[in-house]
Amino acid sequence: MMDPIYPPEAQDSSSGYDGHDVTSWVSVCSRGLCRVQRRLTHKRGRQTISTTGDDRSWSASVYPRMGSLCRVRVRLKADLGDPESPISDKGEKELSTESDQPIANLIEVDSTATPRSENSVLQVPLGDWTMLKLGEGQCDITETCVEGMRAEEKCEILLSPLENGPEATVPQSAEGRNLLCATVELHSFTPGKESWEMSPGEKWEWVRSHKERGGVRYRSGDVWGAADSYSRALKLLITLRSHTADAKTKEREQQVEDRRDASGCGGTQKPPADSPLPSANEYKTVKAELHSNLSLCQLKLSQPERARANAAKATQLEPGGAKAWYRLGQACQMVNELEEARQAFKRLLELQPDSPAAMKALKDVASREKETNTQLGQRLSKMFG
């Protein structure tokens, strides 16, 4: 599985920031991985967290969690040492007025309305108060920032693309380094849940949402974002392994529910129904599809070893999955495992006898093997000739 997001860790002062409350991690951007350093610059002792029904004050130890709707504002900074010189400061008076509105008034706002851009590191509107749903991966950098912030707190972040990955578009500093400095403000947020607090049905809903979002991102050309979505889905899906329901169990539960409805069952109002759990077969199919889709992304991102591992998992889960066998063969070719590639393409040809892609791939493997054997023969003749 692609696991591009690393947990925040304590950061020493030699990495760009001096002082306390500095953490560092690696986040997913639209064109690669980015190292993030965060320093809290404004703290609050207590905070108000609004719910859809009422307003109440919680202790200062409460942070946003998965599913929290967060009102955030991200602004670029002209200089690392200048806390009051935002580049994106338009409409400051209007923004301040909007930030005073109760968060409950914005619950229905589509938090994913902002399209992701391939040329942007920060996938949120700059300078504007916006809604961000934690856990969706709209902007991994911003999400990870606010996970460690309380309401009405502010932090400063320093971003730089990793040297061993595709470079995202960030401004260059005077010293010639690719750096971007910004501030992140968290005004307020709704309650959320840690993954271990969620019911199996809630986790299943997140899995399906991540899977669908990954497909949308891939079709739009956002391969890094798609890989991130598929990875998030797999991490949650793994925890549901012991919660799958077979068809007979589902049928019995439905019969009990139907009888309860028919009898009235005391006339009490039923609690909202949790999302139905997947059957064992559905669980296996979705897991195979996620591994296969993640493998495709990793092939596009020139990560053949990871693509090979995920495609292999997909073929183990669903031996009849033609796409997974093709992706396994492609990944094996990229790492020069030609015999394994041949076996994968032969299996694909068994599943799809008329597949032109499988026949062409087998010819390519045979051609590369012949070329490899010729080169080996030439080297041996030079050694012993």
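Colleague: Is Leu-380 buried, partly exposed or exposed?

Modeller: Start with the scale. Buried means under 20% relative accessible area, exposed means over 50%, and partly exposed lies in between (1.4 Å probe, protein chains only). Leu-380 has a relative accessible area of 40%, so Leu-380 is partly exposed. This is a predicted model: local features need pLDDT of at least 70, side-chain atom pairs count only at pLDDT 80 or more, and totals for chains, interfaces and linings use all residues. Residues are numbered from 1 along each chain as its sequence is written, and side-chain values use heavy atoms, with hydrogens and water left out.

Colleague: Where does Leu-380 lie?

Modeller: Helices (H or I, at least four residues) and strands (E, at least two) are DSSP runs, numbered from the N terminus. Leu-380 lies in helix α10. The chain has 10 helices and nine strands.

Colleague: Which residues make the nonpolar surface patch?

Modeller: A patch takes residues with over 30% relative accessible area and no salt bridge; nonpolar side chains (Val, Leu, Ile, Met, Phe, Trp, Tyr) are joined within 5 Å, like charges within 9 Å. Here Leu-376, Leu-380, Met-383 and Phe-384 make a patch of about 450 Å². Areas come from the Shrake-Rupley method with a 1.4 Å probe; for residues, only the protein chains shown count as cover.

Colleague: How many salt bridges are there?

Modeller: A salt bridge is a side-chain nitrogen of Lys or Arg within 4 Å of a carboxyl oxygen of Asp or Glu. The count comes to 19. Take one inside helix α10 (residues 356-384): Asp-364 and Lys-360 sit four residues apart, about one turn of the helix. Their N to O distance is 3.2 Å. Asp-364 is partly exposed at 32%, and Lys-360 is exposed at 53%.

Colleague: Which parts does the pair Arg-39 and Glu-156 tie together?

Modeller: First, the bridge itself: Arg-39 and Glu-156 meet at 2.8 Å, N to O. Arg-39 lies in strand β3 and Glu-156 in strand β8, so the pair ties together parts that are 117 residues apart in sequence. Arg-39 is partly exposed, at 23%. Glu-156 is buried, at 3%.

Colleague: What about Arg-116 and Asp-222?

Modeller: Their side chains also form a salt bridge, at 2.3 Å, N to O. Arg-116 is in the loop between α1 (92-99) and β7 (129-133), and Asp-222 is in the loop between α3 (200-219) and α4 (223-238), 106 residues apart. Arg-116 is partly exposed at 21%, while Asp-222 is buried at 8%.

Colleague: Now the inside. Which residues touch the most other members of the largest nonpolar core?

Modeller: In soluble globular proteins, nonpolar side chains tend to be buried together. A nonpolar core is a set of buried Ala, Val, Leu, Ile, Met, Phe, Trp, Tyr and Cys residues joined through side-chain atoms within 4.5 Å. The largest core here has 29 residues, and Leu-122, Ile-141, Val-146, Ile-157 and Leu-159 touch the most other members. Elements giving two or more residues to this core include α2 (140-147), β8 (153-161) and β9 (180-189). β9 gives the most, with five residues.

Colleague: Which residues does Val-146 touch?

Modeller: A contact means heavy atoms within 4.5 Å. Leaving out residues up to four places away in sequence, Val-146 touches Pro-64, Cys-70, Val-72, Leu-134, Val-184 and Leu-186. Apart from this core lies another, of 25 residues, among them Val-26, Leu-237, Leu-294 and Leu-301.
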